[in-house]
Amino acid sequence: MSKFESFLITENGEDLFSKAKKVNKVLTSGALTGNEGLGFIALDKVSGEYPIMDKFGKSKSVLMLGSNSYLNLSTHPKVIKEASKALKKYGYGMGTVSNYLGITKIHKELESRIAKFYKTEDSIVFPSGYGTNIGVISALCNTGDVIINDSANHASIFDGCKLSGAEIKVFPHSDMNGLERILKRLPDEQTGRLIITDGVFSMDGDIAKLDIITELAEEYNCKVMVDDAHGIGIVGSTGRGSAEYHNVMNKIDLHVGMLSKSPGGLGGYCAASDEIVQFLRLYARTYFFSTGLPASVAAGLNEVFKLFEEDKAGREELWNKINYLKVRLITSGFDILESQSAIIPVMIYDEEKLFKIHKDLIQNGLYTNIVTYPAVRRKECRLRLCVMKDLTYEQIDRAIEIMKKTS
């Protein structure tokens, strides 16, 4: 049991909110060295260097290797221009759900562009990325169905599975033999079958084995859903993600993605057949009961998908930076697993050491994400580096020197 967990033990008869007091106690006790990093906020963004402010009001500039905005599209001039025009025309919020008046021609254009990008009949845009997985899974799956998950799938996928009422099966991360063992044991009468996987896994940076998954899905009569949150715009020969990487785009039934990662906006989507999208508009509760995405965000995202369609979002430049950082990390002796994306784990394997390193990195001018339980097992704790296109090679070199100094 960790120091943190020891503060979370509750006794019968305790107040409902006592757990919150215990969490506050551990965060202010110093039991977790390095927790100061939990309070930072970004002040603005300038080409890889971010002024940030801690919870005590002190600010400093750090190199940013902790952002999901891999292509820096949230500050792209064309994106800002179109978002500003829509903001002036429609205001900063839609005021009602999408199925009523919470949608405009800008939203419909975005859904059409996403469908075109994936070569599907239609798509549906949700105002929340987390809510996309919740809504899609809980709408399509019910009691009596079975959902088969990679163990490293995102938390929103597992939460959607729980809400659906379906039976949940889990195979070890990327273990295709483990997946097939589960499929072989499914009873013939359990015909509602869905395999779900991340496209790019958010903690390891590796790509799902969709070539094998789609073959098994066909053999065992399963539908396939891929959440390519960290693959869109980056992975694949034209940036269409992990399914394109494996040349199986037409074998994926539900193309799910997040608009808050490389697209730099907000929300999520599911690209699929006309019938599936129509069904989701009526039965995905996180869509039906949620106010629509702001028109300004949708307008900016239209420009993003124009850039994606023409492959002009800077994907090639980003990959140059990714590969450069990976080589520098490996030659400097860091363990980065088998990353195949803009997500690069740097394995630490010791939780207390991880907290100290993270604190030292920030003090020396480098911000990375810190990852431990429950996102990964404590013995597999790590720093999670996210590469951004606008980082310079000099900044990457400087980041490596800081990491060598503090490791």
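F117, Y118, Y269, F305 and F308 are joined into a cluster by ring pairs. Keep in mind that this is a predicted model. Across the whole structure, a search turns up ten aromatic pairs. One of them is Y118 with Y269: the ring centres sit 5.7 Å apart and the planes meet at 45°, so this pair is tilted. It ties together distant parts of the chain, since Y118 belongs to helix α4 (residues 105-118) and Y269 to strand β10, 151 residues apart.

Then there's F279 with Y283, a stacked pair with 4.8 Å from centre to centre and 25° between the planes. These two are four residues apart in helix α10, which puts about one helical turn between them.

| Residue | Relative accessible area | Class |
|---|---|---|
| Y118 | 3% | buried |
| Y269 | 0% | buried |
| F279 | 31% | partly exposed |
| Y283 | 51% | exposed |

Now for the sheet. Its seven strands run in the order β4-β10-β9-β8-β7-β5-β6, the sheet is open, and the pairing is mixed. On average, neighbouring strands are turned by 20° against each other, direction ignored.

β10 (residues 268-272) pairs with β9 (residues 254-258) in the antiparallel sense over four bridges, and M258 faces G268 of β10. Helix α10 (residues 274-283) lies across β4, β9 and β10, at about 25° to β4. Helix α5 (residues 129-140) also lies across β4, β9 and β10, plus β5, β7 and β8, and runs at about 155° to β9.

Key:
Residues are numbered from 1 along each chain as its sequence is written. This is a predicted model: local features need pLDDT of at least 70, side-chain atom pairs count only at pLDDT 80 or more; totals for chains, interfaces and linings use all residues. Side-chain values use heavy atoms; hydrogens and water are left out. Two strands pair if DSSP finds at least two bridges between them. Axes are lines fitted to C-alpha atoms, for helices over the stretch in contact, and angles run from 0 to 180 degrees between N-to-C directions. Contact means heavy atoms within 4.5 Å. Rings of Phe, Tyr and Trp (its six-membered ring) pair if their centres lie within 6.5 Å; planes under 30 degrees apart count as stacked, over 60 as edge-to-face and the rest as tilted. Buried means under 20% relative accessible area, exposed over 50%, partly exposed in between (1.4 Å probe, protein chains only).
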